[in-house]
Amino acid sequence: MLDLTFEQWALIADIYTPLLALWSVRLILREPAQSRKISLTALMVTICIVYVSRAIDEWLGIWPTFGSDYSTHTSVALALVVHIAIKVGVRGKLIAVGSLLAYLQLMNHQDYHTYLDMMSTTIYLLPLFWVSWLHFGTREKSPSRTVD
């Protein structure tokens, strides 16, 4: 890794999710009005799933039973990356997924979360996000996805 201080790496980690959010907002704003409403609703549902899941884990202590921690950092980033991946072309998907993998590595490097925390959270949430997006029918079937 680059020779940066803990604080510099922390700043990079802090900037990541807002950048994903800006990318998501930009994609939503570029859609026609009807699609925009559906996409925004689907994205908000996935964000609600993130925080409801967090509350359920706090209440029931699911992740601590296997020595882990529900990763809200991973959850929010994953929700945004899923949204971006649905809306962009192959190049954009590679950038979004690659950036998520780099972010997971950074969180482990900073001792924010273990790989078990992040992978268990991802494995739990991905099917929920997939079903949510399918429910709203926002998977575009046309090849008119944007490249960014």
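Which residues of α2 are buried?

1. First, the ground rules. This is a predicted model, in which local features need pLDDT of at least 70, side-chain atom pairs count only at pLDDT 80 or more, and totals for chains, interfaces and linings use all residues. Residues are numbered from 1 along each chain as its sequence is written, and side-chain values use heavy atoms, with hydrogens and water left out.

2. Now the opening question. The buried residues of α2 are Ser39, Ala42, Leu43, Thr46, Ile47, Ile49, Val50, Ser53 and Asp57. Buried here means under 20% relative accessible area, exposed means over 50%, and partly exposed lies in between (1.4 Å probe, protein chains only). Helices are DSSP runs of H or I with at least four residues, numbered from the N terminus. The cover over the buried residues of α2 includes α1, α3 and α5.

3. Helix α2 also has a length worth checking. The expected span is 1.5 Å times one less than the number of residues. After α2 comes Gly61, which has a positive phi near 65°.

4. Please look next at α2 with α5. Helix α2 (residues 33-60) packs on helix α5 (residues 115-135) at an angle of about 150°, and their axes are 10 Å apart. Axes are lines fitted to C-alpha atoms, for helices over the stretch in contact, and angles run from 0 to 180 degrees between N-to-C directions. The pair is therefore roughly antiparallel, a term for angles over 145 degrees. On the α2 side, the residues that meet α5 include Ser39, Ala42 and Thr46, while Tyr124, Leu128 and Trp133 are among their partners in α5. Contact means heavy atoms within 4.5 Å.

5. Val131 is found in helix α5 and is partly exposed, with a relative accessible area of 49%. Val131 and Thr46 are 85 residues apart along the chain, and their C-alpha atoms are separated by 9.8 Å.

6. Of its 16 residues, 15 are buried, so α3 is largely enclosed by the rest of the structure. Its residues 72-87 should span 22 Å, and the end C-alpha atoms are 23 Å apart, which agrees.

7. The partner to view beside α3 is helix α4 (residues 90-109): the two pack at an angle of about 170°, with axes 9 Å apart. They are therefore roughly antiparallel to each other. Among the α3 residues in this contact are His73, Ala77 and Val81, and α4 brings residues including Lys93, Leu100 and Met107.

8. Asp14 sits in helix α1 (residues 6-29) and counts as exposed at 52% relative accessibility; its C-alpha is 9.8 Å from that of His73, 59 residues apart in sequence. Asp111 lies in the loop between α4 and α5, and at 67% relative accessibility it counts as exposed. Asp111 has a positive phi of about 60° although it is not a glycine.

9. Finally, the record. An unreviewed UniProt entry annotates residues 6-29, 38-56 and 115-136 as "transmembrane region"; such annotations may be inferred rather than shown by experiment. In the model, residues 6-29 are 100% helix, with end C-alpha atoms 36 Å apart. Residues 115-136 are 95% helix, with end C-alpha atoms 31 Å apart.

Definitions and conventions
Parallel < 35°, antiparallel > 145°, perpendicular 65-115°, else oblique.
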